[in-house]
Amino acid sequence: MTSRNESAWRQQPSFPETYVVSGLVYHDDNVFALERETIFNKAWILACHESELPEKFDFRTLEIADTPLIVVRGADASLRAFINVCSHRGARLVNERSGNAKAFACFYHRWTYDTKGSCINIPRPEGYQACGVHTGDYGLREVRTEVKLGLVFLNLDDNAFPLDDFLGGALDPLKEILGGVPLEVFHYQRSEIDANWKAWMETNLDTYHTGMHYLLRKTQVDKQRRIRIVAGGHGNTGGMKSAYTNYADWKNREDSMALPGADAREMRNVHLFPNASVITRGTVVRIDTVSPIGPHRTVVECRGLGIKGDTEDERRQRVEHHNQYWGPLGRNLPEDGLAAELCARSYRSGSAHYQVIARDEGLTGQDDGMLRAYYAQWSKMTGLSLSDPRAVTRER
Amino acid sequence: MSSSIDERKICEVVYRGCLALDAEDFDGFMGFCSSQFKYRITVYSPDLRKEMIWLSHDYVGIKAMLESVPQHFKRLGTLKRHVSVYLIEQDAGAPVAKVTSSFLVTSTDPEGRSRLFCAGTYFDEVSIDGGVPMLTSRQAHLETRDLGIGTHIPL
């Protein structure tokens, strides 16, 4: 029999727990609410790169799972983050994407905050005397902030473990690339896609979908890719080189352009649970982060980084190298987006009930091990069974 | 020189080039571009407070890129450009006219639903030094920064 009747079609394979993912994981409202509570409100979330706030009083607004945040570099040069909401009536406090300011005044009634989050002005304070409302009690909600290799991480949980404990050695393969010389972001794009947030992560964690990428079929001549699992749902890949001249009229990447510790032709990636991938192609870095708006709608942010102090020609080349694969008009990114959206459509409509992540090939590039490790962590944090998320696997 | 006829021809280069891109007739589009053609897509990022380049090619580069498009799995459906030429500036003796046009691109999915894909301005240069007017450069400056899953086809 080559096709299945409904009963057979709905029947999930009896694989080990992390080898099959229920479709509910991608579209169920209750699952999504639990993800917000147990993952995005608990985990360290890669939010931006420190070069986006180079000067004192620079600020940057962003969202984690629709929670508005502001990151600001204070007078002491430290980065701090706050929920970007006025303590008075709950209006969004800062509405610019970035800027430089020593204080933030809410447009609505002018309650004002400094860069340490302290409330420094409540107009007509005498009116609040009866209730005892004082500036000292109405600071912004601070969010834990740590910086590692230039990457700015935030955590909404005041009691979370330190970032280093969360990451383990996940970023080790990129220590030299990210930390060897100061980097800076030259490319930023924020796109909303019609897909579950994990579906985008899967396009990075799945290392064998080269077939759908014409560009990768042409350029990835060295297929000795290996994957490595890092505790906590993280992972990395390495050991792969590209022949860029195999595509269109592209040129080789000069060794002189290589990032510290990298070969100009080498691809090396780190994937961080729950929402980030740092992808390097010898001369240029891409940072992907995802942030869900709902189970079917996701913000994808892509950043491109080069070396701070690049000459004009070096920067031109890095921008070109970045855009070849990863810009919104790149030859790689749209296919990944298409895959995420087409899978989402199937799960949303109930026309797919599970997906199979059962390839076991000894952690080669053909293995689903990184996906399984990622989802094992998902299961650990949500307390849900991956194959049947209606069953709670442990007391949370 | 009758400027009205020249302006009509200049507009035709812009409009017909867009019709060719709409039809994914890339050879046809390249037929409106001179061998010196340079193409860029730019956008300002308020997040970075910087101008960004999202695509930059010369004639050979854009031609090679377009030739590879059919090999890619690309976004489903079609793109359609709506263009209005706002300004045509011709300095006396200059070999090119500077043409400023507003453009909107709509995306129509396989089910027939259309939505706005992006908005921007073309800053074109069109040769006017004899012969058939040709595009010598195009900067497509985007207002829209969210292109969803992106596109393989120039705007």
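Which residues does D109(B) touch, not counting residues up to four places away in sequence?

Tutor: D109(B) touches L76(B) and G77(B), with residues up to four places away in sequence left out. Contact means heavy atoms within 4.5 Å. The model is predicted: local features need pLDDT of at least 70, side-chain atom pairs count only at pLDDT 80 or more, and totals for chains, interfaces and linings use all residues. Residues are numbered from 1 along each chain as its sequence is written, chains are lettered from A and ligands numbered from 1 in the order in which they are written, and side-chain values use heavy atoms, without hydrogens and water.

D109(B) sits in the loop between β4 (96–108) and β5 (114–127) of chain B. Strands here are DSSP runs (E, at least two residues), and helices are H or I runs of at least four, numbered from the N terminus. D109(B) counts as buried because its relative accessibility is 19%; the cut-off is under 20% relative accessible area, with a 1.4 Å probe and protein chains only. A polar atom of the D109(B) side chain lies 2.9 Å from the backbone nitrogen of E111(B).

Now the chain interface. In chain B, 35 residues are in contact with 39 residues of chain A. Across this interface the rule finds five salt bridges. The rule asks for a side-chain nitrogen of Lys or Arg within 4 Å of a carboxyl oxygen of Asp or Glu. One of them links D58(A) and R49(B), whose closest N and O atoms are 3.6 Å apart. β1 (33–45), β2 (50–58) and α3 (59–68) of chain B each give two or more residues to the side that touches chain A.

Note on methods: Buried < 20%, exposed > 50% of the residue type's maximum accessible area, 1.4 Å probe, protein only. Polar contact = N/O pair within 3.5 Å; in protein donor to acceptor, adjacent residues only side chain to side chain.
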